[in-house]
Amino acid sequence: MPASYAKHRAQLKAILLGWGMPDENAEITSDVLSWADLHGVDSHGISMIPGYDGLRRSERVKMDARPKIVRETPVSAVVDGGGGLGHVPGYFAMSAAIGKAKNAGVGIAVVRRSAHFGAAGYYSLMAARAGLVGMACTSAAGIQVAPTFGKQARLGTDPWSFAAPSADGVPFLLDMATTTVAAGRIRNKANEGLPTPDGWVLDAEGQPSNDPLVAKEKGGFLTSLGGSPENSSYKGYGLAVMVNVLASCLSGATLITDPTHTKKPVGMDIGHFFMAIDPGLFRDSGSFEADVATFMGALRGTTPVDPGRPVMVAGDPQWKYAEIRMATGIPVGAGLMRQVRQIAQAAAAEWVLD
């Protein structure tokens, strides 16, 4: 049976504490992970626990790492993640960007020496909830994507997120991988022994496949957004490069094309980028938010092809998921649940999901 949001979040925190994460860090990390599951981003919530456990066991991430600012101006900050998971450095850096935007109109923070930070949308939404335009992106650990016309993986899923406040209280929230789907959605198919839909992955020869293990274990690739050169995969490829320029080149994190990527002595050295913009730099108070609400309302009011499937804007599916799951609980697949239970037992963490 699906567990309540409170129990789901408590289970995540219990495991993190069992791994030796300080309470404050476990509180933030479990909030980021449970936010993803609550909002239907199942690729970036509890399903990450087995992967994080592997990083912990191989000593590629430090559970007690604490971020710190190592370079700063009134509008910018460089954050050292200390070799830990990325959720706490991400929260810390976006909080810094928000604070600077409140004072100077714009705030930008980058992070190096970090690792996977969960759902990018969590961080851009932090800015929108503060009345600011927010952007967030991150480089990736996994090298799983070939450039358009290439037969060698050189990039990751390299996600990008953008959020804006709206006068109706419903922020615009775009959170997207620069691949056709996030790697976690393919991992979830593998966890449950299910095939992937057409267009998600290519085999080692660049041919379409429905095997969820082909990209991770058999030399294949995830497809860039667009899926194929004929369907403009250069757009996803270009966006992935943009993300790496912002998240790695600006922060000084190891480039994904560097042979030492994820292999340096301290942590994974993944890079993140965060930006917050105060609409008050350009508009009178409330004017920007009013226009966003008007714009979103007009898009939602578009006549749909199928009356049973109304037009939505980015963020709408997530708000609907959150409403339903807050009422009925958060589902977890049986295969994943078995893995998480074993990990909790190994960490001597209390099990609360029964």
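**Figure 1. Pairing of strands E4 and E5.** In strand E5, Ala163 is the bridge partner of Gly134. E4 (residues 133-138) and E5 (residues 160-164) pair in the antiparallel sense over four bridges; two strands pair if DSSP finds at least two bridges between them. Helices (H or I, at least four residues) and strands (E, at least two) are DSSP runs, numbered from the N terminus. The model is predicted: local features need pLDDT of at least 70 and side-chain atom pairs count only at pLDDT 80 or more, whereas totals for chains, interfaces and linings use all residues. Residues are numbered from 1 along each chain as its sequence is written, and side-chain values use heavy atoms, with hydrogens and water left out.

Figure 2. Seven strands form an open sheet with mixed pairing, in the order E1-E2-E3-E10-E4-E5-E6. Its edge strands, E1 (68-73) and E6, each pair on one side only. Neighbouring strands are turned by 10° against each other on average, direction ignored. Helix H4 (residues 87-104) packs on the sheet, touching E1, E2, E3, E4 and E10, and its direction makes about 160° with that of E3. Helix H5 lies across E4, E5, E6 and E10, at about 25° to E5. Contact means heavy atoms within 4.5 Å; axes are lines fitted to C-alpha atoms, for helices over the stretch in contact, and angles run from 0 to 180 degrees between N-to-C directions.

**Figure 3. Aromatic pairs around Phe274.** The structure holds six aromatic pairs; rings of Phe, Tyr and Trp (its six-membered ring) pair if their centres lie within 6.5 Å, and planes under 30 degrees apart count as stacked, over 60 as edge-to-face and the rest as tilted. Phe117 and Phe274 form a tilted pair, 6.0 Å centre to centre with 45° between the planes. This pair links distant parts of the chain, 157 residues apart: Phe117 lies in the loop between E3 and H5, Phe274 in strand E10. The ring centres of Tyr123 and Phe274 are 5.5 Å apart and their planes at 70°, so the pair is edge-to-face. Tyr123 is buried at a relative accessible area of 0%, where buried means under 20%, exposed over 50% and partly exposed in between (1.4 Å probe, protein chains only).

**Figure 4. Helix H10 and Trp319.** The buried residues of H10 are Asp316, Trp319, Ala322 and Arg325. What covers them includes H2, H5, E6 and H9. The charged end of Arg129 sits over the ring of Trp319, 5.7 Å from its centre; this term requires NZ of Lys or CZ of Arg within 6 Å of the ring centre and within 35 degrees of the ring normal.
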